[in-house]
Amino acid sequence: MASSSTSPCAACKFLRRKCQPECVFAPYFPPDQPQKFANVHKVFGASNVTKLLNELHPHQREDAVNSLAYEADMRLRDPVYGCVGVISLLQHQLRQLQMDLTCAKSELSKYQSLGLAAGHGLIAAAAAATHNHPQNLGINLLGSAATRDHHHYHHQFFPRDHQHQMIRGFDAGANYDAGLLAMNVSASIGQLGQFHQPRAATGDDRRNIDPS
Amino acid sequence: MASSSYSNPPCAACKFLRRKCLPDCVFAPYFPPEEPQKFANVHKIFGASNVSKLLNEVLPHQREDAVNSLAYEAEARMKDPVYGCVGAISVLQRQVIRLQKELDATNADLMRHACNEMASNTALPGTNPGQNYSGSPRGSSRYSENNPGYYYPSNYNPWSGGPSGDHDQGGGSSV
């Protein structure tokens with residue numbers, strides 16, 4: 001009885017070699033995903049990937065291959081910045097969100113303190129009014145504050161649209177600030193949530209990677 | 001005394017590769033001799049020939065940025081051989097989602113206050129409710145879990161017919 005031969009993995013198919021039973025690539029590069037290995041090979045090279053995988057425990061290899069595949073894909077889509085462009089974009093998003101959150105909380109605290117003051121004002125106005133319109137006094141107290149703060153509130157309250165455009169710009173691979181920001185990234189890998197703030201993107205202002 | 005032509009010290013790449021650093025060396029502008037580790041990392045992860053091909057595929061004014069991003073990724077991979085810089089992306093993504101949720105919650109509180117104002121203003125004559133409230137927040141959930149705006153590694157699977165998850169603005173289309 002002839003032994004059944006399984007289909008070669010995507011790596012061996014790409015490399016045009018016999019796919020051995022102990023092939024290190026076979027578990028992670030199935031034949032139905034040829035592009036995955038093609039990308040990884042183009043960016044990292046098969047021998048580098050082999051060395052990398054051999055340095056890891058078997059249970060870590062799938063994650064390693066998938067992260068390599070992701071990096072390779074990003075690098076092919078954006079040959080200049082690769083994954084670093086994504087990191088830069090995320091850092092920018094975080095800074096924007098942090099600013100928006102700070103402003104929103106500040107507005108909220110104004111409302112909360114205004115509510116207390118207005119409550120007192122209404123009560124005082126209602127108690128003091130005899131011939132005038134006590135309710136209008138109360139309204140003016142609230143309305144004037146809200147009107148004064150309206151534009152500020154609106155500006156601070158909603159996320160900016162340019163951020164949306166930047167995300168589109170990243171995907172289109174067009175010129176975008178995130179690309180320049182990426183070169184100012186000095187994130188320390190491993191320090192969760194402590195990524196440095198890139199300076200304003202000038203194209204000439206770059207930091208060296210901090211090998212901490 | 002025979003004059004010897006002044007020769008620049010070999011770049012870090014040629015020093016590493018133990019070869020003569022020619023004037024037109026593609027690596028020399030980006031791998032100065034005083035940063036040997038930079039090339040060592042890049043060589044280990046990507047390989048010199050891959051880096052050379054990559055540099056030749058980008059415009060000259062983009063090469064410095066390309067090298068620096070490769071060096072960054074290589075260093076990240078050395079520090080974290082399993083996830084490399086994708087680990088950082090994952091962490092940042094979680095932070096973005098967390099902050100977005102917090103912002104949404106704060107916006108919701110603000111809206112409640114604004115609605116209360118509207119209600120108290122409309123209950124009384126002589127007011128213009130529209131003066132105090134500008135409408136519902138737009139894009140307040142821009143960076144949600146289902147819409148990160150770019151490729152999110154844990155949801156990203158282009159090998160099976162396209163990215164999984166919702167990637168509309170910045171995630172799924174090709175460059």
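Tutor: Arg18(B) counts as exposed because its relative accessibility is 78% (buried means under 20% relative accessible area, exposed over 50%, and partly exposed in between, with a 1.4 Å probe and protein chains only). The model is predicted: local features need pLDDT of at least 70, side-chain atom pairs count only at pLDDT 80 or more, and totals for chains, interfaces and linings use all residues. Residues are numbered from 1 along each chain as its sequence is written, chains are lettered from A and ligands numbered from 1 in the order in which they are written, and side-chain values use heavy atoms, leaving out hydrogens and water.

Arg18(B) belongs to the loop between α1 (12-17) and α2 (36-45) of chain B (helices, H or I with at least four residues, and strands, E with at least two, are DSSP runs numbered from the N terminus). Its phi is positive, about 55°, although Arg18(B) is not a glycine. Most residues other than glycine have a negative phi. Arg16(A) is placed in the loop between α1 (10-15) and α2 (34-43) of chain A, and its relative accessibility of 79% is why it counts as exposed.

From these loops we may turn to the aromatic rings. Over all chains, the structure holds nine aromatic pairs (rings of Phe, Tyr and Trp, the last by its six-membered ring, pair if their centres lie within 6.5 Å; planes under 30 degrees apart count as stacked, over 60 as edge-to-face and the rest as tilted). One of them joins Phe31(B) and Phe39(B) edge-to-face, at 5.1 Å centre to centre with 85° between the planes. Phe31(B) is buried because its relative accessibility is 0%, and Phe39(B), at 1%, is buried too. Lys38(B) lies over the face of Phe31(B), 5.8 Å from the ring centre (a charge sits over a ring if NZ of Lys or CZ of Arg is within 6 Å of the ring centre and within 35 degrees of the ring normal). In chain A, ring pairs link Phe14(A), Phe25(A), Phe29(A) and Phe37(A) into a cluster. The face of Phe29(A) has Lys36(A) over it, at 5.7 Å from the ring centre.

Let us now consider each chain as a whole. Chain B has five helices and zero strands, and 46% of its 175 residues count as buried. Chain A has eight helices and zero strands, and of its 212 residues 46% count as buried.

Finally, the two chains meet through helices. The axes of α4 (residues 58-77) of chain A and α5 (residues 85-122) of chain B come within 9 Å and cross at roughly 85° (axes are lines fitted to C-alpha atoms, for helices over the stretch in contact, and angles run from 0 to 180 degrees between N-to-C directions). The two helices are therefore roughly perpendicular (65 to 115 degrees, whereas under 35 counts as roughly parallel, over 145 as roughly antiparallel and the rest as oblique). Ser67(A), Tyr70(A) and Glu71(A) in α4(A) meet Cys85(B), Val86(B) and Ile89(B) in α5(B) (contact means heavy atoms within 4.5 Å).
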